[in-house]
Amino acid sequence: MTEHYNIGYKCTGWQVNEGRGNQVALRWVSQKLERQDITYRQLDSHSNRYANTLRDWGLQAGERVFLFLPRTPEVYSAFLGILKAGLVCGTLFSSFGPEALLDRLSDGAASAVVTNQKSLRKLDEVWPLLPALRVVFLVDVPEHLSERVVSLPRLLAEAGETFEAFPARPDTPSVIHYTSGSTGKPKGVQHVHGSLESQLRSFREVFFPKPDDRYWCTADHAWVTGTSYGIIAPFAFGLTQVQYAGGFDPQTWFSIIEEEKVNLLYTAPTVLRMMMQFEDEIYQGFDLSELRQIYSVGEPLNPEIYHWGRRVLKHEIHDTWFQTETGSIMIANRPGLEIRPGSMGKPLEGIQPVLLADDFSPARVGEVGKLGLKSGWPSMFRAYINLPDAYQSKFHGDIYLTGDLARQDEDGYFWFIGRDDDVINTAGHLVSPFEVESSLLELPAVADVGVIGAPDALLWEKVVAFIALTPAATWSNELALRLRVHVSNRVSSMAAPADFRIVQKIPKNRSGKIMRRVLRAWYAGQDAGDLSTMEE
Amino acid sequence: MIDFDSLNEVFVMVFQDPEIRISAETTADDIDGWDSLSHVILISAIEDKYQITFTQREILRFRCVGDMLNCINQKLS
């Protein structure tokens, strides 16, 4: 390899060559608060074992291997090993149900899946519908279960711990994240190894990391933040990461921040809003003197969270904005820039956002417009898998259309207004109304359904389902629960409706399209406006 | 007073896994699919079954199934 573009190598072997072999790359804190340190040398050799194992199994560069794992230390070695081998890593939330799995693994033509015994049950349900899936690697069984369900511990123990990383070029595919659109199935967003340049540059520009810093990104690895800033950027920088296996609990989180001397925290507004629900006194007992900066991503950061952070945590909270498609932070509030609470901040160096009116002419300062980005930054997505038309539709000339609406003030700060489509942003996760509707329609009690997002104090937006029942069905709490459980288990917990409204009929236009603006008005108790296009 | 068997039925229904066996020490890490969002569904299922209402703070303070069961029994008593 003359030039090292391979992300897996840059995050491991290159770090060892730079003299960081004995430095802790990952401090893993278990739910029982037990620590496990993994050095860069160990991360390198373990990910090499992964790469060798995948190659030994006949997987060729360019094939797709999906990670379907909860938060465990294995995630990091597996992810980096897949990339080292020149394979493409698809990420999946461990909460996904069989339908969500099928959509993604089928569209992505997954050749292999790395998972655990618990999740194998969900995978088994859909495996017959996945002809490309050759092998499933289990991280938690000592022996192979069958010819195609094999033990990773056994294979890794047998595999070599050296590996010559695949000579990736900047445009070599690296990672696929699935994201939801307002119509159709989730789209596979294809990223490339060259994305590292943007991820590392933005990491430096926004986080101002120092070599001895401890950094904690709380995002799940299945989310773009969890890979771009929870694996790639910090390891490629040579930083020590802290990760915690458990869920949110303010006492535990702040004791980890204190005891592990976390300097940089990257989390989400929903988490910060949950923190705000506890008494201020909880936080005052902790020594947060090592904590230099707090950052947020996923949903707009309400000004009240910013003010709460200053008052209670004695820290400013910096909002950052990017998308699965952008691969790295595009616009941010960051140290050195005066924070305007509630704003997205200003664009990073080299990033050129534009605001466009409906006719694609430039919006004036202060006017709301479609937020676009002049294409060309290295971490820009390169395709929606199998959907070239959908990919093209995201561009107007060389402007990538983000689907967000925003305005810019006279001083250059951007302000998020909302989505330009029907996608629901709930706790930082994009949920497709179509996916939820399809799942609910599987139940015999549901004659028709329309799904919208509605404002929520904790989640930013919540999923709301309008249901037209079949004549034999009767609405009850039990039925509501059954519908929620169905969506949660078949699609994903993040897609489960938080609220239901029972209606006689779902409003549709004459071409049969759900009139979501009418549903939104109904939900808000407002006048639905012009209904002339509604079907009879 | 309710016991673990009674509460287990709710877990089996919500996570659609007949093999679930909860104990006082069971946490989200032990149950496939139990994350912060499915937690909301679990809570509403428990509220429905036992005709109780949890406060947001109570919900956020549950660290294991034992905490949950204690809180339910306090409300029922």
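Helices (H or I, at least four residues) and strands (E, at least two) are DSSP runs, numbered from the N terminus. On this basis His191(A) belongs to strand E9 of chain A, which covers residues 187-192. The structure is a predicted model, in which local features need pLDDT of at least 70, side-chain atom pairs count only at pLDDT 80 or more, and totals for chains, interfaces and linings use all residues. Residues are numbered from 1 along each chain as its sequence is written, while chains are lettered from A and ligands numbered from 1 in the order in which they are written.

A residue counts as buried if 20 or more other C-beta atoms lie within 10 Å of its own, as exposed if 12 or fewer do, and as partly exposed in between, with C-beta atoms placed from the backbone. His191(A) has 31 other C-beta atoms within 10 Å and is therefore buried. Two residues are in contact if their C-beta atoms, placed from the backbone, lie within 7 Å. Leaving aside neighbours within four places in sequence, the contacts of His191(A) are Ser174(A), Val175(A), Gly327(A), Ser379(A) and Phe381(A). Thr326(A) is 135 residues away from His191(A) along the chain, yet the C-alpha atoms of the two are separated by 9.1 Å.

The next level up is that of domains, whose bounds come from an automatic or database domain assignment. In chain A, domain 1 takes in 1-16 + 41-193 and domain 2 takes in 424-524. Their C-alpha centres lie 33 Å apart. Contacts join 14 residues of domain 1 of chain A to twelve residues of domain 2 of chain A. On the domain 1 side, helix H5 of chain A (residues 98-107) gives the most, with three residues. For residue classes, Ala, Val, Leu, Ile, Met, Phe, Trp, Tyr, Cys and Pro count as nonpolar, Asp, Glu, Lys and Arg as charged, and the others, Gly among them, as polar. The side of domain 1 of chain A that touches domain 2 of chain A holds five nonpolar, eight polar and one charged residues.

Helix packing in chain A can be followed through H15(A) (residues 433-440) and H16(A) (residues 477-490), whose axes come within 9 Å and cross at roughly 120°. Axes here are lines fitted to C-alpha atoms, for helices over the stretch in contact, and angles run from 0 to 180 degrees between N-to-C directions. Angles under 35 degrees count as roughly parallel, over 145 as roughly antiparallel, 65 to 115 as roughly perpendicular and the rest as oblique. H15(A) and H16(A) are therefore oblique to each other. Val436(A), Ser439(A) and Leu440(A) of H15(A) make the contact with Leu483(A), His486(A), Val487(A) and Arg490(A) of H16(A). Four nonpolar, two polar and one charged residues make up this contact of H15(A) with H16(A).

Helix H9 of chain A (residues 224-237) has 13 of its 14 residues buried, so it is largely enclosed by the rest of the structure. Gly238(A) follows H9(A) and has a positive phi, near 90°.

Leu33(A), which is not a glycine, has a positive phi of about 65°. Leu33(A) sits in the loop between strand E1 (24-29) and strand E2 (35-39) of chain A, and counts as partly exposed, with 13 C-beta neighbours inside 10 Å. Asn386(A), also not a glycine, has a positive phi of about 65°. The loop that holds Asn386(A) runs between strand E19 (383-384) and helix H14 (388-392) of chain A.

Gln31(A) is likewise found in the loop between E1 and E2 of chain A, and is partly exposed, with 18 other C-beta atoms within 10 Å. Not counting residues up to four places away in sequence, Gln31(A) touches Ala245(A), Gly246(A), Thr27(B) and Asp29(B).

Between the two chains, 20 residues of chain B are in contact with 22 residues of chain A. Helix H1 (4-15), helix H2 (36-50) and helix H3 (56-61) of chain B are the elements that give two or more residues to the chain B side. H2(B) gives the most, with seven residues. By class, the side of chain B that touches chain A has seven nonpolar, seven polar and six charged residues.

Within chain B, the axes of H1(B) and H2(B) are 10 Å apart and the helices pack at an angle of about 135°. That makes H1(B) oblique to H2(B).
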